Protein chains: 4
Amino acid sequence: MDRVRPRVGEGKVADYIPELARVDPAQFGIAVATVDGGLYVAGDAGTRFSMQSITKVFALALVMSGSGGGVWGRVHREPSGAPFNSLYQLEFEGGVPRNPMVNPGALVVTDQLLTDTGGASNALRELLCAEAGAPDLGSDEAVARSESEHGERNRALAHLMADFGTIHNPVAEVLEHYFRQCSITISCEELARVGLLLARHGRRADGSQLLSRPDARRIMAVMLTCGTYDAAGEFAYRVGLPCKSGVGGGILAVVPGRCSVAAWGPGLDAKGNSVTAALALEAFTDVTSCSIF
Amino acid sequence: MDRVRPRVGEGKVADYIPELARVDPAQFGIAVATVDGGLYVAGDAGTRFSMQSITKVFALALVMSGSGGGVWGRVHREPSGAPFNSLYQLEFEGGVPRNPMVNPGALVVTDQLLTDTGGASNALRELLCAEAGAPDLGSDEAVARSESEHGERNRALAHLMADFGTIHNPVAEVLEHYFRQCSITISCEELARVGLLLARHGRRADGSQLLSRPDARRIMAVMLTCGTYDAAGEFAYRVGLPCKSGVGGGILAVVPGRCSVAAWGPGLDAKGNSVTAALALEAFTDVTSCSIF
Amino acid sequence: MDRVRPRVGEGKVADYIPELARVDPAQFGIAVATVDGGLYVAGDAGTRFSMQSITKVFALALVMSGSGGGVWGRVHREPSGAPFNSLYQLEFEGGVPRNPMVNPGALVVTDQLLTDTGGASNALRELLCAEAGAPDLGSDEAVARSESEHGERNRALAHLMADFGTIHNPVAEVLEHYFRQCSITISCEELARVGLLLARHGRRADGSQLLSRPDARRIMAVMLTCGTYDAAGEFAYRVGLPCKSGVGGGILAVVPGRCSVAAWGPGLDAKGNSVTAALALEAFTDVTSCSIF
Amino acid sequence: MDRVRPRVGEGKVADYIPELARVDPAQFGIAVATVDGGLYVAGDAGTRFSMQSITKVFALALVMSGSGGGVWGRVHREPSGAPFNSLYQLEFEGGVPRNPMVNPGALVVTDQLLTDTGGASNALRELLCAEAGAPDLGSDEAVARSESEHGERNRALAHLMADFGTIHNPVAEVLEHYFRQCSITISCEELARVGLLLARHGRRADGSQLLSRPDARRIMAVMLTCGTYDAAGEFAYRVGLPCKSGVGGGILAVVPGRCSVAAWGPGLDAKGNSVTAALALEAFTDVTSCSIF
């Protein structure tokens, strides 16, 4: 907190939809959940914020547990070297997204999840509620509606993939689920608990195994190489942990086998990652020497 | 060995210079060196091969130890999402390479090394000899000459960077050092010992500290996100260790704090990584459960 | 005809929608209409075919006559050097299409036409009917419906431009008009007569002036540099006349001040231009020495 | 002159080499040479300036006359849609330049000219002297030397093409000829007379035929679609004549069968074309209604 406090309020709050633009930038929270049940919090760790792209990790986890990784034929797992909503790689690479952490890749995962669950949209919400120990997690309907109204770029991505045959369900349906997924709200405390799913290598809070140990590792590998968009290399260099960020200002980091860290600050840098959450994670690895390297 | 043996000979030996094209594809070796002094070898672990891009890791280590990381103003540390000898990103990104593991980035590192050492070219060779315990390591002069004769693409990269002011020393001089660096030959045994420099977080064989612990971690982070070109995501997913490959068919992997693994097989896949060495590393993490995730 | 006959049937009929794929490839027609009222025809000059992108010329003419060229703030007039349905330039160039002859540029023109006419879609059809002397010209409804059903790529283009603010009317409405516009059918005879509008430098069949003389020249300049997609340079080199092609297999060429030539053959080359129509126009300029150069 | 005078001095003098940067921006000249022997001049029409890329037209003319167009296998004739010294298209398109008017294409033409003439570099200078009626035309040696010293970008282009096999002669030799070719100085009067070679459809001042009539037309077609770099569409739209510009500030335009216009003003716009020369040509076609459309 000492290191982050002077910079709280820095960055630019996401303003592509009015609902996110209204968030007070002068907030910051962090929570650490350990695999042995500890929970350490500071700042606004109990305030809920928009999960946005952080949901992509858990949608991928569900798909990998459910359809045996069948999604991999339609999405690669390479860093994109491009912004998260970029189209040009799709155009040149046969409509197959670079990885499941950029928007087009996440749309493919949503598409697969719809197929796997027969259209039922609640699978992800239920997973998050159970792992967070918070049965009332859900979408912010105003945000979801606004995402849809201002979702021209995502519509372009989805139609382009439909043209290539990468999306199988109706485009409008996939987008609707995707927008609702992104608009789920969660607090740092809750998110840190959810992140334990990965820190425990796929074991759920109730002791059952959602993912095999290798699959949990693979998801963390994808987070490290692709989880913070075109700043993934910089995060690996400076933080040294698998991370996933969202434009709501949250970042989830995992120390495999040990703990999960959720940090949140609404102000974003030029690449769409939270300024203070990134700073907090860098401080965390400095202080604790927790690093996968 | 059991897993790799049936596929020895697969892939396409690098043929951009005649000297590499002549290497017998039916070879494979692997060596594991542990931080407590163990050495485990199999196959052609004593045969020397052309280090090529694997040298990039240690040139970077020298520069980070020598000039305080001053090289970072002229090279980013993001995955490129593009082939290792690609030019277009340089053109669009002000002549600053994406990372020190692709050719243009390595040329910048060489340029910095020339500046740091006042033009003395022996720093890298001396480091490798000392860590490998093999005073006779050196460049294969025929390979170096051939690299230079067929080095039109690297010349194009260097002149383009010179146009942007990214290269400070004379282009011809930088290229000459780079070609000689790439043509150093080494065996798996020797390379595994050299890799301990990173596994020990920067401590040299003689007990002195070349790199600070955080800098050693950062180099491994760069290896993980950028060390196997545009297959870095796939390597992280399948192997889960920081790796660096070379078109000579070698791959170096590091398990931080524990050991270093060097594998070699001359046949390459479409992205320039050794087919059998990649397979061997995947088998290694499967069998040992060594993974940073 | 003698030069073209041996190659009738060559090329690949457009197959992105079933309605076009069913067209018999073994057809060819040509018509020349002169400014002094002559009409010369050969082959299947009376058979109607799908105008497709050739309509773009006349939609642009209407917009330039109607809104005083106000469309130019939202579309450039440079050759794209890229396929007609490409997205990447839009992404990198702020959502502003390179020219009105590629699909995204034509969508902007349609958008402007909707604004200019208050949504009335008949302006273009009426112009074509009047100039062709054929009151029954109209859209093929089956083609229009099929364009819409298979129009994912155009939807992606339109949504991407909407994201950038280049499209002002509702995306679905713009697309619907665009698909109906493309599906208008016309014969070579009729098209050659319509083309006189440009050959007469903007004067209509009824003697009134639709376009100023400079604007007519400018439209022909846009045809020459952009009218045959990424083969515009080749057409200028080989044919030497302003041309506009469509994936229905038609090509319209204009000899300013003298005549208009419409050729049609359904088989397309790799860039989407009719093989036989291109050949016929090359033969035409060879034989007549008609060239703007 | 009246239209141009208020804007003389506008634009930015080319400053990539000191010799060009020193040119006084407050100069402007124009000359019109007619096929029947007339010559009309205004302003600084007798002052010599650096021809630069305008030489590309006449190097191409020599190659088309000499080697029967054999150069076309190694250079396309499509607008590039990219800056004149861009590399990325070469990388993606097999090392074959888009057209002979961008730098890499001109290097291929120079390479062919070297092959055709057995290395004799004087062919171009002799052609220009003869057509201009000025036996003392030649390279400005200080400019040529400076081009070579600051020619990193052109070196990158040439080495990249050598890597693809597009350049056949030694790279250094091709570059040296290219730099000397670009540095030839000429006045508007002289250049207008040289331009008559095209206006007369290939006939030289001495009555002999350098180019066939179709080849002369083809060169003008290449000028129209590619002669003013990524502003070719705009020039066709606004000027409506085949033009070729150079960073020395000159632009040559041709009215086929009638006359040749040379305009010069050192200040360039963002795309590298002279501000005042472009303005003068636009005024010329406005006033005279000379246009190929």
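In what sense do strand β6 and β7 of chain D pair, and over how many bridges? I started there. The model is predicted.

**Entry 1: β6 and β7, chain D**

I looked up the pairing. Strand β6(D), residues 243-245, and β7(D) are antiparallel, over 3 bridges. Next I checked the hairpin. It has 4 residues between the strands. Gly249(D) takes a positive phi there, near 105 degrees.

**Entry 2: β7 and β8, chain D**

I moved to the other neighbour. β7(D) and strand β8(D), residues 259-264, run antiparallel and are joined by 6 bridges. Val255(D) stands opposite Cys259(D) of β8(D). This hairpin has 3 residues between its strands. In its turn I found Gly257(D) with a positive phi of about 80 degrees.

**Entry 3: burial of β7**

Is β7(D) covered on one face or on both? I went through the residues by side. Gly250(D), Leu252(D) and Val254(D) are buried on one side. Ile251(D), Ala253(D) and Val255(D) are buried on the other, so both faces are covered. I count burial as under 20% relative accessible area. On that cut-off 6 of the 6 residues of β7(D), 250-255, are buried, so the strand is largely enclosed by the rest of the structure.

**Entry 4: the whole sheet**

I then traced the sheet. It is open, with 5 strands of chain D in the order β3-β2-β8-β7-β6, and the pairing is antiparallel. β3(D), residues 39-43, and β6(D) stand at the edges. Each has a single partner strand, so one side of each is left without a neighbour in the sheet. Neighbouring strands are turned by 10 degrees against each other on average, direction ignored.

Gly29(D) has Gly43(D) of β3(D) as its bridge partner.

I also noted what lies across the strands. Helix α12(D), residues 275-288, lies across β2, β6, β7 and β8 of chain D. α12(D) runs at about 145 degrees to β8(D).

**Entry 5: a helix pair in chain C**

How do the axes of helix α6(C) and helix α8(C) cross? α6(C) covers residues 141-149 and α8(C) residues 171-182. Their axes come within 8 Å and cross at roughly 135 degrees. That makes α6(C) oblique to α8(C). The crossing is right-handed. I listed the contact: Glu141(C), Ala144(C), Glu147(C) and Ser148(C) from α6(C), with Glu176(C), Phe179(C) and Arg180(C) from α8(C). The contact residues divide into 2 nonpolar, 1 polar and 4 charged.

Definitions and conventions. Residues numbered from 1 in each chain as written. Chains lettered and ligands numbered in written order. Predicted model: local features only at pLDDT ≥ 70, side-chain atom pairs only at ≥ 80, totals over all residues. Heavy atoms only, no water. Buried < 20%, exposed > 50% of the residue type's maximum accessible area, 1.4 Å probe, protein only. Helix = DSSP H or I, 4+ residues; strand = E, 2+ residues; numbered from the N terminus. Pairing = 2+ DSSP bridges. Axes fitted to C-alpha atoms, helices over the stretch in contact; angles between N-to-C directions. Parallel < 35°, antiparallel > 145°, perpendicular 65-115°, else oblique. Left-handed = near helix turned anticlockwise from the far one by under 90°. Contact = heavy atoms within 4.5 Å. Nonpolar A, V, L, I, M, F, W, Y, C, P; charged D, E, K, R; others polar.
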